[in-house]
Amino acid sequence: MFTLRSVILALGLLLASDALAGKRSNTLEFAFQRETDFVDRIHTDSRESATLSSAIYDTLLYQDPASGQVTGLLARSWTWVDERTIDLDLREGVKFHNGDAFDADDVVYTVSFVIDPENKLRQQESSFLFVKAVEKRGPHKVRLTLSRAEPVAEFQLAARFLMWPAKYTQAQGHMIHATKPIGTGPYRAREVAPGRGITLTAFEGYFDGPKPKAKIPTVNIRIIPDLQTQVAELMAGRLDFAQDMPPDQAENLRVNPALRVLYGDTIRITFVSFDAAQRAGESALKDDRVRRAIAHAIDREAIASRLIGGGSKALLAQCHPAMNHCVQDLPRTPYDPAKARELLSQAGQTGLTLSFAASVDLKTVAEAIQGNLAQVGIRTRIETAPLPTWRRNFLDGKSQMSVLSWGGGGIYDASAALPVFFDMGNADYARDAEVADWIKQAGSTMDQARRAQLFRQALGRIAEKVYTVPLYTNTANYVMSAEVDYTPTRVDLPVLSQIGWK
Amino acid sequence: MLRTVMSRLLVAVLVAVTVSAVGFSLLRLSGDLAAELAGEAATPAEIESARIKHGLDRPLPLQFLGWSRALAAGDLGRSLFTHEPVAEMILKRLPVTLQLAVYALIISIVIGIPLGMLAAMHPRTWIDRLSLVAAVLGQAVPSFWLALVLIVVFGVMLRWTPISGSDSWAHFILPTATLAASALPGLMRLTRSGMLEALSTDYVRTARAKGLAERTLMAVHALPNALLPVLALAAVQLGTLLGGSVIVESVFALDGIGLLAYRSILRGDFPVVQSILIFVALAYTLLTLLADIANAIIDPRIRLG
């Protein structure tokens with residue numbers, strides 16, 4: 001006999017049945033918080049496009065997300081002919097998702113496109129323009145001629161140098177990759193619905209290489225802007241994978257037996273920048289002793305372990321310890337409030353008040369530092385703003401003291417962390433010509449011993465003069481269904497083809 | 001009437017111009033569009049290059065004039081980020097927002113008018129007070145909070161409804177309920193006051209004295225008169241719902257105009273934001289005008305002008 005309860009239950013099942021996630025449906029329901037402008041990392045460069053690009057496309061070289069080491073991908077091997085010439089032997093037998101065979105013509109077409117300044121791609125100068133020319137030297141052989149000595153060229157070739165099918169792209173126009181992307185990657189795009197999501201299906205013809213083949217047949221990526229809604233979807237079992245939850249939220253989800261919360265290391269770092277060069281007007285931060293006092297007053301270990309958590313580590317240098325040439329044996333400023341007070345007294349700065357800027361996402365870190373500084377008698381006025389506004393103020397030279405984070409494009413080299421903040425440009429608040437020169441030289445020589453020496457000099461001076469206070473390594477969190485099998489890598493974005501079922 | 005309609009249309013255009021000028025200024029003062037366009041890991045030099053490439057180094061009034069000139073020629077422009085034509089972006093998402101607004105309005109009317117009638121028929125009783133409490137709550141509760149409560153109860157605990165997305169009609173249940181909760185109180189209270197006023201008129205009293213059945217009295221004499229202002233409010237509410245679904249669409253990940261506006265505001269994609277602002281302003285103004293015309297047609301005592 002029908003009861004009201006049974007009717008309601010049946011109706012509920014009918015309504016909810018269209019979105020079952022998990023192993024049973026063999027479809028991974030995956031959430032993005034933001035929509036990406038383009039699927040491919042040639043047109044844009046964001047975390048979302050990087051996640052999708054690594055699934056749909058392949059790059060010439062491959063950076064192992066766990067070790068950071070570079071190996072061949074679409075290029076089976078490569079040879080440095082001289083400081084400005086690289087010969088690439090391309091992998092044979094590789095097919096695009098539309099059946100086209102991959103060869104040197106595709107590389108010549110794609111590289112010619114990305115190095116053409118007329119195409120005005122985002123971050124074209126730093127990502128692509130170190131390549132001056134590309135030349136076909138055989139059906140599966142190409143030569144790249146560089147415009148400058150580029151010590152991190154291999155990392156760059158593994159980042160945004162993904163390959164398009166030449167014939168398809170020429171016929172349809174390059175914008176076709178926004179809606180109907182075709183690559184050689186482990187997943188093919190079945191449907192791109194701007195604003196709603198993307199459905200990927202495993203590419204059966206994917207070659208045996210260093211990048212794993214797809215483990216789950218279908219991945220349904222949904223755009224869910226609100227994190228609370230993502231949490232609700234996870235708890236209701238209609239979402240299998242989400243990322244970048246606020247730390248407290250992620251910790252709360254740990255108690256749910258149907259979910260797993262994992263943390264991964266990232267190459268991103270967070271630090272405090274001082275206006276040593278007095279760009280924002282005259283202040284006590286001109287004095288080395290005041291900057292050193294602030295460094296001694298900040299309890300980096302506590303911020304890393306208690307506030308950030310998830311394996312975050314206190315930094316010893318102005319770069320990530322996993323980066324090449326990021327030396328760690330530098331002058332240190334350990335947590336020592338007594339020493340901080342002594343230095344402030346020596347500098348004649350008692351009752352000091354400073355303005356302290358932070359983007360909204362770093363407000364809690366700024367508040368923790370504010371508490372530390374209050375203990376040594378420094379008052380701070382925290383000024384938070386959305387990231388774009390904060391960034392504009394920072395670049396306009398209006399920051400007396402800021403807390404900021406920097407990812408360096410995922411390149412495992414000190415040159416990814418330093419030049420932006422020490423090049424005498426808009427983001428440089430130290431304006432130390434020698435430091436800028438050392439870093440510039442390190443970025444333009446292929447001699448690794450010389451680079452090591454130059455970076456040691458630069459990092460040593462930055463630490464000695466306390467131009468910054470390196471705080472901690474950032475971590476990424478991933479919340480997933482207990483049925484999902486995934487091991488976080490050092491790259492702070494999930495590698496879709498590494499995700500499987502338990 | 002034609003003169004009045006024309007002058008109201010002119011007002012609509014003026015509203016659109018004002019809204020777009022204010023929106024443009026606020027949007028451009030709230031962040032650095034060049035930094036957003038250059039991308040997350042862009043160097044300061046690349047940000048400057050993006051500023052020049054997109055003409056963002058020109059004075060703001062000149063940028064606004066350039067955009068307005070293109071608009072006057074019927075070109076809404078393209079998104080600065082995806083390069084999609086803005087008109088296409090809006091048209092693609094309009095059905096979701098329209099669906100949501102119309103569903104919410106229907107629910108508000110279907111529940112709000114009978115509740116208002118009921119309250120008017122039983123003034124100063126528990127029914128009246130209960131409906132008043134419901135109206136106050138509906139107006140006072142923030143929609144994002146109500147949305148989350150509905151999600152937790154019906155999506156997570158009971159698992160009766162989908163939580164996010166716009167794939168099926170079932171996906172519209174919770175967003176419609178959330179949006180309707182904000183539109184319902186106004187309709188209910190207006191129906192109640194209209195009915196109370198109608199019930200106290202001489203013609204209703206006369207009809208009652210003649211022994212007319214209470215149900216007929218309500219349906220034939222009181223309700224049609226009470227519903228006139230409700231009709232006008234319903235049209236205005238539809239305009240409000242069209243523009244007011246930003247929060248609801250972003251919480252429930254409904255890919256409508258509201259969510260598009262939210263995303264575009266966050267990154268300063270001004271051609272998209274401007275076009276949505278103008279669309280909503282025009283929709284609101286025109287719906288109000290339509291309500292006035294409908295009122296004038298239904299009630300001969302009302303004359304436009």
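Two residues are in contact if their C-beta atoms, placed from the backbone, lie within 7 Å. This is a predicted model, where local features need pLDDT of at least 70, side-chain atom pairs count only at pLDDT 80 or more, and totals for chains, interfaces and linings use all residues. Residues are numbered from 1 along each chain as its sequence is written, with chains lettered from A and ligands numbered from 1 in the order in which they are written.

**Exercise 1.** Work out how domain 1 and domain 2 of chain B touch.

Step 1: grab the bounds, which come from an automatic or database domain assignment: domain 1 is 2–72 and domain 2 is 86–304.

Step 2: count the contacts; 17 residues of domain 1 of chain B meet 15 residues of domain 2 of chain B.

Step 3: see who supplies the domain 1 side. Helix 1 (2–29) of chain B gives the most, 13 residues. Helices here are DSSP runs (H or I, at least four residues), as are strands (E, at least two), numbered from the N terminus.

**Exercise 2.** Find which face of helix 16 of chain A is lined by its buried residues.

Step 1: list them. A residue is buried if 20 or more other C-beta atoms, placed from the backbone, lie within 10 Å of its own. Here that gives A:R451, A:L454, A:F455, A:A458, A:L459, A:I462 and A:A463.

Step 2: check the cover, which includes helix 15 (433–442) and strand 16 (468–481) of chain A.

Definitions and conventions:
Buried ≥ 20, exposed ≤ 12 C-beta atoms within 10 Å, placed from the backbone. Arc of directions from axis to C-beta.
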